[in-house]
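Subject: Structure handover

Hi,

Here is the structure I promised to pass on to you.

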Amino acid sequence: MTDGSARMLALLSLLQARREWPAAELAGRLEVSTRTIRRDIERLRELGYRVAATMGPDGGYRLAAGEELPPLRFDDEQAVALAIALSSVAGGGAAIEEAAERALATVRQVLPSRLRHRVDGVRFAHEPSAVRTDPEVILAVSEAVRERRVLRFDYRRDADAEAEAEGGPPRRVEPHELVARDGRWYLVAFELDREDWRLYRLDRMAPRAPHGARFASRSIPHGDALAFVTARFRGAVEPGDSASRSAAGPAWPCIGEAVVRAEASELAPWLEPGELIEAADGRCRLALGSWSWAGVLARLLQFERPFELLGPPELLAAADAAAARLSSAGRASPGTRTRRAGR
C-alpha cells in the first residue's frame, strides 16, 4: 500500500470516528499540509464518500450519509466485534438470520487471515426463538421511541388470534423503551385511552403510519424499562395487561420484603422470580419469595449490596438466627480437620 493510500485510509478512519474535523487538526494528525488534506478529500468523494465542507475561520470536513453504502474501514477490534455480533443473531428474536449470514460471509471474505482464523473459532450454541419479529416492525417502533411520537397500531392478543378488525380504532400509546428478553421484543408504553402503563409484544403489533404528535417523557414504573419488564413477568402477566394489575406469582410459602441499596438496573437481571415494588434515590424495595425464610435471605445476599429487612416477623427472626449461627461459626482447628483416608 502506498503512502498516499495509507493516508487516505487513516483520514477516512478519522472522519468516521468524529462528526466534524477542522482541516488544520486533520493535517496535524496526519502530518501533512491542509492542501494535501483537500486533495485526499476530493479522492474520497470520487470513491463515493459524501464529505461535506464546513465554512468559517476553522472550516473543516464531516462525513455525511450517502444514498449508497461506500466501502467501510474497520480496525481489528471493530471487525472482530462485528463478526461476533452477526454470528450471535439467531437467538435474538428478529427475523434477520438470512441477512445476518450474508453479511457475515461478506465481512469474513475481506478479513485478513490473522482475523479470519479468530472469528472462525467462535461458535454459538443457539436456542432459536420460536417467535419471530419482523425487522420492519422493530424499525418502525424504534423510530417512534426515538422521536417521542405517539404510536398507533393494531394488536393481536395471542399468536393464533386475528388482528384487530381493520378499520377499528387502533391502540394509541406513548412509546418509551424497547426491551429484548428471552428471544422476544417488548415495548414499554403509556396507553392514552386507558391512561395506564402497558407492555406489548412486537411480534403481535401492526404499526400504522404516520406517527402522531410528539409527547413529553414520563417516569416508567419501577425506575426503568428493564425493571418494569422484570416486575411484569414475576407472575407471567400477559403483555398488554395493565401495569397496575397485581402480578400473581407462584404461591411461595415464604415471601419477604426488603430495601436494597442499589439501582434498579443493577438488580433487574437477577430479580426473577421477584417483584421490584419501588425504586428511588439509589434504593429499591423488593418482594422476594422462596421455599424457606433462609432462602429469602440467600436471595438478598446474592445481590451483594447493603439491605434492610422490612418483614414479615418470620423473616426478621430467621435473620437473627442466621446471624447467631454465623457469629458462632469459626475456622476448624488443625486437630479437628478430617484425616485423609488411609492414615
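Let me start with helix α3 (residues 34-46), whose 13 residues reach 19 Å from the first C-alpha to the last, close to the 18 Å expected at 1.5 Å a residue. Please keep in mind throughout that this is a predicted model. Within α3, the buried residues are Thr36, Ile37, Asp40, Ile41 and Leu44. Viewed down the axis of α3, its buried residues fall within an arc of 140°, so they line one face of the helix. Just after the helix comes Gly48, with a positive phi of about 110°.

Next, the aromatic rings. Searching the whole structure turns up 4 aromatic pairs. One of them joins Phe153 and Tyr200: the ring centres are 5.2 Å apart and the planes stand at 75°, so the pair is edge-to-face. Phe153 belongs to strand β4 (residues 151-155) and Tyr200 to strand β7 (residues 196-201), so this pair ties together parts that are 47 residues apart in sequence. Phe153 is buried, with a relative accessible area of 0%, and Tyr200 also counts as buried, at 0% relative accessibility.

Tyr200 has another partner in Tyr155, again edge-to-face, with 5.2 Å from centre to centre and 80° between the planes. That pair also links distant parts of the chain, with Tyr155 in strand β4 and Tyr200 in strand β7, 45 residues apart. Tyr155 is buried, as is Tyr200. Taken together, Phe153, Tyr155 and Tyr200 form one aromatic cluster.

There is a ring contact of another kind to look up as well: the charged end of Arg218 sits over the ring of Phe190, 3.8 Å from its centre.

Finally, a few words on strand β9 (residues 254-260). This strand is mostly covered, with 5 of its 7 residues buried. β9 pairs with strand β11 (residues 283-290) in the antiparallel sense over 7 bridges, and in that pairing Glu257 stands opposite Ala287. β9 also pairs with strand β12 (residues 307-311), again in the antiparallel sense, over 4 bridges.

Happy browsing, and do write back with any questions.

Best wishes

Definitions and conventions:
Residues numbered from 1 in each chain as written. Predicted model: local features only at pLDDT ≥ 70, side-chain atom pairs only at ≥ 80, totals over all residues. Heavy atoms only, no water. Buried < 20%, exposed > 50% of the residue type's maximum accessible area, 1.4 Å probe, protein only. Helix = DSSP H or I, 4+ residues; strand = E, 2+ residues; numbered from the N terminus. Pairing = 2+ DSSP bridges. Phe/Tyr/Trp six-rings, centres within 6.5 Å; stacked < 30°, edge-to-face > 60°. Lys NZ or Arg CZ within 6 Å of the ring centre and 35° of its normal. Expected span 1.5 Å × (residues − 1). Arc of directions from axis to C-beta.
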